[in-house]
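Got a minute to go through some charged pairs and a bit of sheet? Have a look at the model first.

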Amino acid sequence: RSGQYTMNHDHSKKIPDGASFDRSGSQDSLDELSMDDYWKELENIHETRGNNHEERVALVVKEPDEGELEEEWLKEAGLSNLFGESSGDSLESVVFLSTLTRTQKAAVEKRIETVTQTMRKKNKQHQIPDVRDIFRLQNDSKGKVCDGSEPSAVRTSENKAETNDGTKGPKFSLGTDEQKSLLEDMPSSDTDINLEISFSEQAANLKDSSVGKTYKGGGGDTLLPNFRLPKDKTGTTKIGDLAPQDMKKVYSLALIELTALYDILGTEFKQQKAVKIKTIPKLVFYSGLFGVPLPLLLEHDQKKVPGTKIPLIFQKLIAQIEETTLETEGLLRIPGVATRVKGLCQELEAKFYEGTFNWENVKQHDAASLLKLFIRELPQPLLTVEYLKAFQDVQNLPTRKQQLQALNLLVILLPEANRDTLKVLLEFLQRVIDHRDKNKMTLKNVAMVMAPNLFTFHGFGSKTIEQSEFVMAAGTANVMRFMIQYQKLLWTIPKFIVNQVRKQNTERQKKEKKDKAMKKLLKKMAYDREKHDKQEKTPNDTDVPQGVIRVQAPHLSKVSMAIQLTEELKAGDIVARFLSQKSGNVQTLKKEEVFLYEIGGNIGERCLDDDTYMKDLYQLNPNAEWVIKPKQS
């Protein structure tokens, strides 16, 4: 497999005997028997690698200099203009900071403090703002926002319909000022995941109470709690439902929120950085399937199948495993024959894209081994170098609910290609578990077998792994178990983050309006008030009466439809109303192919789930336009 881009693995490491390890440190007291699957899998991995002494490209994880990590974090969070040469131009960041919760602000302040101290030490020539000045500047511009010394950050909540400038506006719950009382008022069970209030704020509020001790990590053999999302009347937002410009904001907020959560819970959050020792020309990658970076492999695959989001080989291997039957005993656990797997691997490299590879020769266990090999051989882990350690550290968080919240934020932070591939993998693993009566592969078994394939990455060096191998093995197997069990919840964007995005968009629009008005004022001092009023009117004011929305469906109908909002009207009802018309394209589109979209106002674009209550959403975003269209893949 010449020209492959794979990692420099250490094969000399002995696999410890699970039974001889001290298990006291592991979160779930997993018995030796269940851990056996983990160690056997590790042995199979080493055996597969065994004779592969070809030249590889090593990736190491660089230990960052003081302040470098925080500087990188601020850039990732979209706040790089708070320091350095561009520190003067921070108005956009002021809008952003004004939407943060108290705990999120504390996380940002902590990182800015470190960066500014480092810059002062290095005596960099550009202006270094004081953290307090940044937040003071923001407070002056907002009027009502406190400086972080008080217990809250933004005085906006469900119970206040007035915006800071006194005008009536949509109600946002950012989970800030009235958090404690909101938490107390909300009758939620231990298995309800509250998406309305910032996770880090919940953790801060629970820290001193006994409530937080409910789901301690123990009891590996017990069933996992049946966590659920309480119904949200304004609709659940999934990853993929928002426009790219809003997803960028979601990413920044998720990074700050995750960091704040880890800060509150006393777990260190450090993004890792990969450094290539030796690079290979881009063209070389196209000769392979295994050991090729995910984005490059997809770039190549999209030329063959436009719009594909999952590597073709990955899709084909899963299809090949499922083609036989998922009832085969020991599926994923029993390895294929190592020499045969290696031969198939080389043959696939040569023939897969030509379409001359004979899939009839591939036995089911060999296909499963090839699937796991594909994941392991990615030059950077599927969970990414940046976040692999954070995924592992989920096991150290105090409660299962907090572990789930952290995983939710981590999934949002993954690059799209990694996230899409992970989703397809987890869905496949769940289908394997669905046949556990026949294949004897329970959730725990599958997690044990898959954890070493997703979490073993030697770029971090093996020293720390050696010291706590059993603890890490049990911990990563538990994280794997969580990802499979709660995968449906993990692809949800928490409502408090969507609301922060709405708030940012509203604030930015206000600022743009002010700037436009100022330019106009300077252009012609004699300001025509009547003309201005006309311009201010939105289509909603002019041609649609109160409590009625106008819905367009360009794919279904030439004319728009005025829809009267009622308490019970849902997005799915509106789509059904259009589909019941016997005109034009209606016949060619199925119900599951088209969705109602909320466009503009305080959101870029959002695909609505069928159970969204339209009146509640309209109150949240009265200036939106409503369009029915197929979902973009």
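Here are a few questions and answers on salt bridges and strands.

This is a predicted model, where local features need pLDDT of at least 70, side-chain atom pairs count only at pLDDT 80 or more, and totals for chains, interfaces and linings use all residues. Residues are numbered from 1 along each chain as its sequence is written, and side-chain values use heavy atoms, with hydrogens and water left out.

Q: Which residue meets Glu201 in a salt bridge?
A: A salt bridge here is a side-chain nitrogen of Lys or Arg within 4 Å of a carboxyl oxygen of Asp or Glu. Helices are DSSP runs (H or I, at least four residues), numbered from the N terminus. Glu201 sits in helix 7 and its partner in helix 4, so the pair ties together parts 99 residues apart in sequence. At 2.7 Å, N to O, the partner is Arg102.

Q: Is Glu201 buried or exposed?
A: Buried means under 20% relative accessible area, exposed over 50%, and partly exposed in between (1.4 Å probe, protein chains only). Glu201 comes out at 1% relative accessibility, so Glu201 is buried.

Q: What is the bridge partner of Arg550 in strand 6?
A: Strands are DSSP runs too (E, at least two residues). Strand 5 and strand 6 run antiparallel, joined by four bridges. Within strand 6, Arg550 is partnered by Ala562.

Key: Pairing = 2+ DSSP bridges.
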